Amino acid sequence: MVWGKHAVVDASGCNYSAIRNIKWIEEFVDELIEKSKMQKWGKMFYMDLEDTDETTLNDTAGFSVCQFITTSNITIHFANVSKSMYLDFFSCKDFDEQIVIDLVNKYFSPNKIQNLSIDSSNLKHNLDNLRAV
């Protein structure tokens, strides 16, 4: 039984126009929810951290997005300078993390993707063993 699952994606060299288009990002999130058979819970929240000397230097300017789903959430940050995205899809319901990777490729055309899947039921088991030591 999956207690919770994370799909973590670090994508670099994304299409700049795509990561700066909030409607496009919202379409991505909607399709991700649909294809992973999740249920949206409320509207997608987003903030645009504007370019300043500090945010440009630290590569932190860009959209930050959060979409609640009935089984948890999807959070994404886009970095304008490096044209990167950092995504965490967490759900207590199991899903196919390949869907996440395929849709990141479809919507943002990154040059490189690194991903990690974490099954929290194994993590919980490992933490329980750690506590027992």
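Predicted model: local features only at pLDDT ≥ 70, side-chain atom pairs only at ≥ 80, totals over all residues.

User: What kind of pair do Phe-28 and Tyr-107 form?

Analyst: Planes over 60 degrees apart count as edge-to-face. The planes of Phe-28 and Tyr-107 stand at 65°, with the ring centres 5.5 Å apart, so this pair is edge-to-face. The pair links distant parts of the chain, since Phe-28 belongs to helix H2 and Tyr-107 to helix H4, 79 residues apart.

User: Are Phe-28 and Tyr-107 buried or exposed?

Analyst: Buried means under 20% relative accessible area; Phe-28, at 0%, counts as buried, and Tyr-107, at 7%, is buried as well. Phe-89 and Phe-95, which are both buried, form a stacked pair with 4.2 Å from centre to centre and 10° between the planes. The charged end of Lys-5 sits over the ring of Phe-95, 5.2 Å from its centre.

User: How do the axes of H2 and H4 cross?

Analyst: The axes of H2 and H4 come within 10 Å and cross at roughly 155°. An angle over 145 degrees counts as roughly antiparallel, and that makes H2 roughly antiparallel to H4. The crossing of H2 and H4 is right-handed, and the residues that make the contact include Trp-24 and Phe-28 of H2 together with Tyr-107 and Phe-108 of H4. Ring pairs also link Trp-24, Phe-28, Phe-78, Tyr-107 and Phe-108 into a cluster.

Technical notes. Residues numbered from 1 in each chain as written. Heavy atoms only, no water. Phe/Tyr/Trp six-rings, centres within 6.5 Å; stacked < 30°, edge-to-face > 60°. Helix = DSSP H or I, 4+ residues; strand = E, 2+ residues; numbered from the N terminus. Buried < 20%, exposed > 50% of the residue type's maximum accessible area, 1.4 Å probe, protein only. Lys NZ or Arg CZ within 6 Å of the ring centre and 35° of its normal. Axes fitted to C-alpha atoms, helices over the stretch in contact; angles between N-to-C directions. Parallel < 35°, antiparallel > 145°, perpendicular 65-115°, else oblique. Left-handed = near helix turned anticlockwise from the far one by under 90°. Contact = heavy atoms within 4.5 Å.
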